[in-house]
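Good morning, and thank you for coming.

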Amino acid sequence: RQSLEARKVWSQLRASRRTMTIARLAILLLAASFMPTAALLPPRIVMAAPSSLRPPRLATLRRARVQMLSPSAGSLAAASMLPALLGFWKSEYGVSYAYGTATFLSGILVLPSATTRIATAHAACLALYGLRLNAFLLYRELSIARFREFRDKIEARALEKGGRLSRAPFIASCGLLYLGLAAPLMLTAPASAPPALAGALVCLMYAGWLTAAAGDAWKSVVKARKGEDALVTGGPFRHLRHPNFSGEMLLWGASAAAGAATAATNFDGRGVLAACGWLSLSALGWAGISFVLAQAATSLEKRQAQKYAGTPGFTEWRRGAWPGITLPQKQWPAVGGSAGPHRMAGRWPPPSRAR
């Protein structure tokens, strides 16, 4: 009797096991039937997890990258202002090599933190401009004796006015100017969505860069072939009397405008104070470099009129070529010396650019 009861229990157990096995197979088949549908659903729905376990979003990672790589105001100020100290060594270096070095360092410093292609192109343009300018200045200094004579005359004139420490105010103003020229980078680099206008303005920056580079290169080639006193009227000079100054004006004006256009659309209440500060510096830099370049073009206009008066083709060339933005000449006295430094402490523009 006990044996019959044991067999009955055993048969029931086996039946329950078969039932559980069939149930498991049914569940697996049911789950398999839903797999194609689940594969079509967004990953956020299929792989739902508590918010504490979800990976950070791409926007969050970008913001963290920008905060980690963005230069501080102090580091940008150092990159912009420290090169101006070259003026204590040679007065002319404070507005030539210092100008190019500060621009190059500022672009390189901001470049890793650029979050968009527009910001990357903006920073790269400044770095390329500074690199090209310094390479051109070095070529002129090493290959042309007249340039070295101009540099020595400027240094002797500066020493006559006082010791090297007396240059400190002028050097500080140059450093502040270079910081203002780099300020627009701090507006475009962290912006997540700069407007299309900013992209167009950055393209204009490269147009200005190419114009200035073409002007310096064309003038150097012509003067190397025909002599340092030759009048250059071909190439970019056919339509622009001073393509280097006009190109620089276009570059720096477009840079400041790109920063302003980006700030107008990409900064909320948290960053508005910093954006206003960089906008103010940008306006200061643009106004300062525009005045310097206009004054340099005005000075060069007067010297060319005195030097090439009566030269065949000079009058026709002046009628057909645009002088760029200049100042009323009646407000400025004659500039002494053939090196061409303007009234601002007799040190700008560098002799390599003002011939």
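The protein chain contains 13 helices and 0 strands. Of the 355 residues in the protein chain, 42% are buried. The chain exposes about 19200 Å², and carbon and sulfur atoms supply 67% of that area. Consider next the contacts between residues at least 6 apart in sequence: 82% of these join residues at least 24 apart.

I now come to the pair of helices. Helix H4 covers residues 73-81, and helix H5 covers residues 97-110. How are H4 and H5 oriented to each other? Their axes lie 7 Å apart and pack at an angle of about 155°. Angles over 145 degrees count as roughly antiparallel, and H4 and H5 are therefore roughly antiparallel to each other. On the H4 side, the contact is made by Ser75, Leu76, Ala79 and Ser80. On the H5 side, Ala102, Leu105, Ser106, Leu109 and Val110 take part. Sorted by class, this contact of H4 with H5 has 6 nonpolar residues, 3 polar residues and no charged residues.

Let us stay with these two helices and look at one residue from each. Ala77 is found in helix H4. With a relative accessible area of 19%, Ala77 is buried, because the cut-off is under 20%. Leaving aside neighbours within four places in sequence, Ala77 is in contact with Leu82 and Leu179. The C-alpha atoms of Ala77 and Leu176 are separated by 8.2 Å, while the two residues are 99 residues apart along the chain.

In helix H5 we find Thr103. Is Thr103 buried or exposed? Its relative accessibility is 5%, so Thr103 counts as buried. The side chain of Thr103 reaches the backbone oxygen of Tyr99 at a distance of 2.8 Å. Beyond the neighbours within four places in sequence, Thr103 is in contact with Leu126, Ala127, Tyr129, Gly130 and Trp252.

The next helix to consider is H6, which spans residues 117-143 and holds Ala121. Here the relative accessibility is 24%, and Ala121 therefore counts as partly exposed. Which residues does Ala121 touch, not counting those up to four places away in sequence? They are Val202 and Tyr206. Ala121 and Leu111 are 10 residues apart along the chain, and their C-alpha atoms are separated by 8.6 Å.

Ala321 has a relative accessible area of 4% and is buried. Not counting residues up to four places away in sequence, Ala321 touches Phe237, Arg238, His239, Leu240 and Arg241. Ala321 and Pro236 are 85 residues apart in sequence, and the distance between them in space is 9.6 Å, C-alpha to C-alpha.

To close, I return to two points. This predicted model has 13 helices and 0 strands, and within it H4 and H5 are roughly antiparallel to each other. Among the residues discussed, Thr103 is buried, whereas Ala121 is partly exposed. Thank you for your attention.

Notes: Residues are numbered from 1 along each chain as its sequence is written. This is a predicted model: local features need pLDDT of at least 70, side-chain atom pairs count only at pLDDT 80 or more; totals for chains, interfaces and linings use all residues. Side-chain values use heavy atoms; hydrogens and water are left out. Helices (H or I, at least four residues) and strands (E, at least two) are DSSP runs, numbered from the N terminus. Buried means under 20% relative accessible area, exposed over 50%, partly exposed in between (1.4 Å probe, protein chains only). A polar contact is a pair of N or O atoms within 3.5 Å; within protein, one must be able to donate a hydrogen and the other to accept it, and residues adjacent in sequence count only if both atoms are side-chain atoms. Contact means heavy atoms within 4.5 Å. Axes are lines fitted to C-alpha atoms, for helices over the stretch in contact, and angles run from 0 to 180 degrees between N-to-C directions. Angles under 35 degrees count as roughly parallel, over 145 as roughly antiparallel, 65 to 115 as roughly perpendicular and the rest as oblique. Ala, Val, Leu, Ile, Met, Phe, Trp, Tyr, Cys and Pro count as nonpolar, Asp, Glu, Lys and Arg as charged, and the others, Gly among them, as polar. Accessible areas come from the Shrake-Rupley method with a 1.4 Å probe; for residues, only the protein chains shown count as cover.
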